[in-house]
Each structure stands twice: as C-alpha cells, then as structure tokens.
Amino acid sequence: MVARAIRLAMGELVGDDALARSVARRPSTELVCALAIAATCAPPSTTDRAVQVVAAKKTTVPGFPASDLSDEHGPWQHALAAAVDLGAPVELFWPRVAEHGLLVPAALLGKGGWPALWRRAHR
C-alpha cells in the first residue's frame with residue numbers, strides 16, 4: 001500500500017479508486033500530511049492532479065483542527081520524515097510552498113473536499 005500511496009501522491013497512479021477511497025475513508029493525520037507534502041514536492045508536470053489547499057507563501061492550513069505548516073510541534077513538521085519515506089524530495093517543500101502553496105492529491109478529496117478529509121484524519 002505504501003508504494004501505491006507514493007505513486008498516488010506523486011501523480012503517477014491514475015484511476016486507482018480503491019486506494020483513494022481507502023485513504024480518504026480512514027486517513028491518518030501523518031499519512032494525509034505526508035501525501036500532501038509529497039504532492040507539493042512532486043515535479044510541476046504532475047501538479048495538475050493536485051488541489052491547492054494553502055495559497056502560495058502562506059502557512060496556515062484551513063480546516064479543523066487548526067494547523068500551520070511551520071509549527072515545529074505540529075503534524076506537518078512531524079510528517080516530513082514520513083514524506084521522505086514515501087520518496088518525497090522534502091528539500092523542495094518550502095520552495096514549492098512559496099511557489100504554489102500546499103497541494104493535496106485530488107484523488108484523496110471526496111465529498112466535502114479538504115475540510116472533510118482533514119476532519120476525518122483527526123477522529
């Protein structure tokens with residue numbers, strides 16, 4: 001599942017609805033953050049399969065509970081190691097956030113979009 005999740009995050013896995021439904025149904029905070037980091041760090045040619053949830057140069061992530069990309073004790077900083085495990089070039093994370101904001105694989109967003117996914121990740 002992790003290898004498939006990596007490909008999903010990097011925009012290489014098209015049409016794997018079962019994986020997307022599984023992650024979207026029972027997401028963990030760390031996995032959602034790691035996949036978003038991986039999608040944000042992905043090559044620009046794959047970002048057309050992602051949805052921007054944080055504007056360029058911003059760090060406040062919408063949804064409940066509140067979070068901030070730069071909070072050193074928050075879920076985003078903790079998920080950087082998991083994103084590395086997924087194969088994400090995390091050294092590109094902050095430059096990409098500055099360039100195009102935080103991106104999330106569109107396949108993970110179902111009814112309710114980002115706020116609903118983020119809320120489910122915190123159950």
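Start by selecting valine 32 and showing what surrounds it: leaving aside residues up to four places away in sequence, valine 32 touches Pro27, Trp114, Leu117, Trp118 and Ala121. Keep in mind as you look that this is a predicted model. Valine 32 sits in helix 3 and is buried, with a relative accessible area of 2%. Along the sequence it is 47 residues from valine 32, yet the two C-alpha atoms are 8.7 Å apart in space.

Next, colour helix 3 (29–41) and helix 7 (residues 113–121). How do you describe a pair like this? Two packed helices are described by the angle between their axes and the distance between the axes. Here the axes come within 8 Å and cross at roughly 140°. Angles over 145 degrees would count as roughly antiparallel, so helix 3 and helix 7 are called oblique to each other. Show the side chains where they meet: Thr29, Val32 and Cys33 come from helix 3, while Trp114, Leu117, Trp118 and Ala121 come from helix 7. That contact of helix 3 with helix 7 has 6 nonpolar residues, 1 polar and no charged.

While you're here, pick out two cysteines. Cysteine 33 is buried at 0% relative accessible area, and cysteine 41 is buried too, at 2%. How many disulfides does the structure hold? The count is 0.

Now move to helix 6 (residues 93–100) and select Phe93, Arg96, Val97 and His100, which are buried. Look down the axis of helix 6: these buried residues fall within an arc of 105°, so they line one face of the helix. An α-helix has 3.6 residues a turn, so residues three or four places apart point the same way. What do the buried residues of helix 6 pack against? Their partners are helix 3, strand 1 (50–54), helix 5 (80–85) and strand 4 (102–105).

Two loops to finish. In the loop between strand 1 and strand 2, find lysine 57. Is lysine 57 buried or exposed? At 69% relative accessibility, it counts as exposed. Lysine 57 also has a positive phi of about 70°, although it is not a glycine.

Last, go to the loop between strand 2 (60–61) and strand 3 (67–68) and click proline 65. The peptide bond joining phenylalanine 64 to proline 65 is cis, with omega about 5°.

How values were computed: Residues numbered from 1 in each chain as written. Predicted model: local features only at pLDDT ≥ 70, side-chain atom pairs only at ≥ 80, totals over all residues. Heavy atoms only, no water. Buried < 20%, exposed > 50% of the residue type's maximum accessible area, 1.4 Å probe, protein only. Helix = DSSP H or I, 4+ residues; strand = E, 2+ residues; numbered from the N terminus. Arc of directions from axis to C-beta. Contact = heavy atoms within 4.5 Å. Disulfide = S-S within 2.5 Å. Axes fitted to C-alpha atoms, helices over the stretch in contact; angles between N-to-C directions. Parallel < 35°, antiparallel > 145°, perpendicular 65-115°, else oblique. Nonpolar A, V, L, I, M, F, W, Y, C, P; charged D, E, K, R; others polar.
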